[in-house]
Structure formats: structure tokens, C-alpha cells
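Subject: Structure handover

Hello,

The structure is below, for your use. My notes on it follow.

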Amino acid sequence: MEHYFVDTGGSLSMKPLTKRDWELIRLLREDGRLSDAELARELGLSKSAVRWRRMNLQREGYLKVAAFLRFEKLGYPYAYILLKLRAEVSRRDLLSFEKELLDNKYVFDLKEIMGNYNLLIGVFSEGLDELYREINNILMGRSYIQDYIILSGVKTLKSEGISFPDALIK
């Protein structure tokens, strides 16, 4: 099962995408398992044209194949941590911390963000005790962390393609 998503890599200066590219991306976000033939029918293009566009988007790094672990289906708790770092944190400490997070098998997402907080970290585990322990391992003893907010996951909607009416029912 393949899912596609757009990754701008944090860059604001990316090659402009065409209207057709955005239509293709929209369809893949709605159902990442659509075949090139199904996409071609939806877009009114040939199968080879769709394949070329999709492959080009992947080659340029705008579109990636990804798998989403459905934590609630497995009964796994998960959380997001918003981290505010002290202004004086060194680039070396930040990179070392980010590498540690990327190597952590319980961290499923890591993003540098803008605004009042600097990092968004997604963490999961097989049980609540382990989740709390892993969050503490990430947060404790780091003098460069100024503040944090922990948001516990309850239900994933968008990445699973759950429609609004279905979200209300479940």
C-alpha cells in the first residue's frame, strides 16, 4: 500500500508546480493507492503522461512514497511534543539533538517549525508507561529546552483519508 505526500523540505523557493501537478497531488492525497490508469482517467491524460508527471514529482523530491502506521488500530498511544528551544542553543547542540531524535525508534515525525515553538516531535510506544518514559527521555536534562507542550494523540483523520462525516460518526 503506497501513500504519496508533498514534501517541500522547508524550502520556500521551489520549482512552480503546474495545475495538472496539483490535481495529481490532490488525487494521490485523497487515495495514494490509485494506479496510473485510474489517475489518467480522472485527469483526462494518458497513462504514460500521468506516470511521467508522477515520476518527475518523485525524482524532484516533491512527492514521496510513505507508509503511515495507524497507532489507534494497533492500540498504541502516541503524542506530539511542541518544543521551544532557548535562543542561545548552539547549532551543534541542535543538530546533535535532532540526530538523536531521528535515530530514536519511537520518534515517528520530526519537524523544524516556525512560530512560538521550534520543533514538533511525534512519539509513539506500545503502552502508556513506555510512552511517558520515552517522552521523559527526550525532554529531561536538556538545558537548551525552554518550554514544551505535550499533545496526546486520540484519532488521526487527514493522513487516513477519513471524510468529515465519517469522523463525526466514529
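I start with R53, which counts as buried because its relative accessibility is 19%; buried means under 20% relative accessible area, exposed over 50%, and partly exposed in between, with a 1.4 Å probe and protein chains only. R53 lies in helix 3. Leaving out residues up to four places away in sequence, R53 touches T18, R20, D21, L24 and L45, where contact means heavy atoms within 4.5 Å.

On conventions, this is a predicted model, in which local features need pLDDT of at least 70 and side-chain atom pairs count only at pLDDT 80 or more, while totals for chains, interfaces and linings use all residues. Residues are numbered from 1 along each chain as its sequence is written, and side-chain values use heavy atoms, with hydrogens and water left out.

Overall layout

The protein chain has seven helices and six strands. Both are DSSP runs numbered from the N terminus: helices are H or I with at least four residues, strands are E with at least two. Read from the N terminus, the order of elements is β-α-α-α-β-α-β-α-β-β-α-β-α. Of the 170 residues in the protein chain, 32% are buried. Among contacts with a separation of 6 or more, 65% are between residues 24 or more positions apart.

Helix packing

Two packed helices are described by the angle between their axes and the distance between the axes. Axes here are lines fitted to C-alpha atoms, for helices over the stretch in contact, and angles run from 0 to 180 degrees between N-to-C directions.

The axes of helix 1 (residues 19-30) and helix 3 (residues 47-59) come within 11 Å and cross at roughly 85°. Helix 1 and helix 3 are therefore roughly perpendicular to each other; angles under 35 degrees count as roughly parallel, over 145 as roughly antiparallel, 65 to 115 as roughly perpendicular and the rest as oblique. On the helix 1 side the contact involves R20, D21, L24, I25 and L28, and on the helix 3 side V50, R53, R54 and L57. By class, these are five nonpolar, no polar and four charged residues. Ala, Val, Leu, Ile, Met, Phe, Trp, Tyr, Cys and Pro count as nonpolar, Asp, Glu, Lys and Arg as charged, and the others, Gly among them, as polar.

Helix 2 (residues 36-43) also packs on helix 3, with axes that come within 8 Å and cross at roughly 105°. This pair is therefore roughly perpendicular as well. D36, A37, L39, A40 and L43 in helix 2 meet K47, V50, R51 and R54 in helix 3. The contact of helix 2 with helix 3 has five nonpolar, no polar and four charged residues.

Two further positions

V107 lies in strand 4 (residues 107-112) and counts as buried because its relative accessibility is 14%. Beyond its neighbours within four places in sequence, V107 is in contact with L101, I121, G122, V123 and I138. From V107 to I135, 28 residues along the chain, the C-alpha separation is 9.7 Å.

E72 is in helix 4 (residues 71-74) and, at 29% relative accessibility, counts as partly exposed. E72 and G153 are 81 residues apart in sequence, with their C-alpha atoms 8.7 Å apart.

Rings

Ring pairs link F71, Y76, Y78, Y80, Y106, F108 and F124 into a cluster; rings of Phe, Tyr and Trp (its six-membered ring) pair if their centres lie within 6.5 Å. The count comes to 10 aromatic pairs.

Regards

Notes
Phe/Tyr/Trp six-rings, centres within 6.5 Å; stacked < 30°, edge-to-face > 60°.
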